[in-house]
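Subject: Structure handover

Hello,

Here is the structure I promised you. Please open it alongside this email.

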Amino acid sequence: MPRAPFALVLVLSVFLGLATTRLTAEENTVALNIEPSKDNPRNSEGSFARLKSGRLIFYYSQFYGGAEDGSPARIAGIHSDDAGRTWSEPQVVLENTAGNNVMSVSLLRLASGKLAFFYILKNSWLDSRPYVRFSSDEAATWSEPKLVVAAPGYFVLNNDRVVQLTSGRLIVPVAFHRSRLADPQSSKSFDSRATDLWYYSDDEGQTWQESPSWWAIPVRSGSGLQEPGVVELADGKLFGWARTDQGVQYGLTSTDSGKTWTAPLPTTLESPTSPASIKRLPGSTSLLAVYNDHSGRFPFQPKRRTPLAVAVSSDNGQTWPDAKLIEDDPNSWYCYTAIYFVDDAVLLAYCAGDTKVGPLNRLRIRRIPLDWLPSK
């Protein structure tokens, strides 16, 4: 048999090599890093949505006057037309209209077809509350803001936390931090010990009600129940969770669509004082968690937000036996993850800072095929 010309062999080798590299890389690919800069010293937590055209959008907190939680920040957006593999340059979506900042986005496609855009407007250490805007033209324009929590105070709504149940009800899980002092400019006014509350709406965010339940952690703690989340299970019950300083996430359940909640108890998600993110896998009853796994199955640094792992539960969050490691740099912080399923992959967006750039200052988007995840 005649041999192929050397040039053709070389071309084929390069092509096959590139194809192999691409397939290997797509097993667990960093699609984008948004690095801190002089103008934007912190780019952090955000949320995804998909437009009817197929375009993906991602809104995130873009800081421009410092990198602390109280520094000035606006909301910026990027988009992708290839299922999250490449992304556009950032554009400002919402300018800062607060005393301190606007940050911590949750985007949600509503059952009605509209898009909802939740965020925190922080005026001071005494005043931080969630707002929502709506779009009927695929994020081209947004309505005037509506206040979700009417009561005064400091309320934390994490990014990518708002859910709409199969019934149509919207659930907003928040952590309430009481004030220690009356000085709005002093961080000493902030009590880190949080209690959890839930707000719900049965008219797609036009009006809001506070759940009759609220819970504090039932042990001595410096954190309380911080940065809560909620997911609807396949049987219609709700599973809620919150980060704590007890070495585990604490969990709660609701059997009446978020009106009342059971007392918080330790879960088997072992982690530092760092938020977990949980969503149900598409077409499955199983849950996917992204968190800092400190169970010991991967090496970890005590109290550090590393490593970052994914785990799967097939028993509604009771156990998480199957896990895989995503990142494990001992000098990095991985936290505030947004989870979004697109086609046959999952997109994860999270803070991936380190000792060089600062713990929360680099934003990373990672694309992982669903078949790479732990067994479902």
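Below are notes on one strand and its partners, then on one proline.

This is a predicted model, where local features need pLDDT of at least 70, side-chain atom pairs count only at pLDDT 80 or more, and totals for chains, interfaces and linings use all residues. Residues are numbered from 1 along each chain as its sequence is written, and side-chain values use heavy atoms, with hydrogens and water left out.

Strand β8

Strand β8 covers residues 127-135. Strands here are DSSP runs (E, at least two residues), numbered from the N terminus. Eight of the nine residues of β8 are buried, so the rest of the structure largely encloses this strand. Buried means under 20% relative accessible area, taken with a 1.4 Å probe on protein chains only.

β8 pairs with β7 (residues 115-124). Two strands pair if DSSP finds at least two bridges between them. Here there are nine, and the strands run antiparallel. Alanine 116 has phenylalanine 134 in β8 as its bridge partner. Two residues lie between β7 and β8, which form a hairpin.

β8 also pairs with β9 (residues 146-147), antiparallel, over two bridges. There, valine 132 stands opposite lysine 146 of β9.

Proline 307

Proline 307 lies in the loop between β20 (287-291) and β21 (308-313). Its relative accessible area is 1%, so proline 307 is buried. Leaving aside neighbours within four places in sequence, its contacts (heavy atoms within 4.5 Å) include Tyr291, Phe298, Leu325 and Tyr334. Glutamine 318 is eleven residues from proline 307 in sequence, and their C-alpha atoms are 21 Å apart.

Best wishes

Key: Buried means under 20% relative accessible area, exposed over 50%, partly exposed in between (1.4 Å probe, protein chains only). Helices (H or I, at least four residues) and strands (E, at least two) are DSSP runs, numbered from the N terminus.
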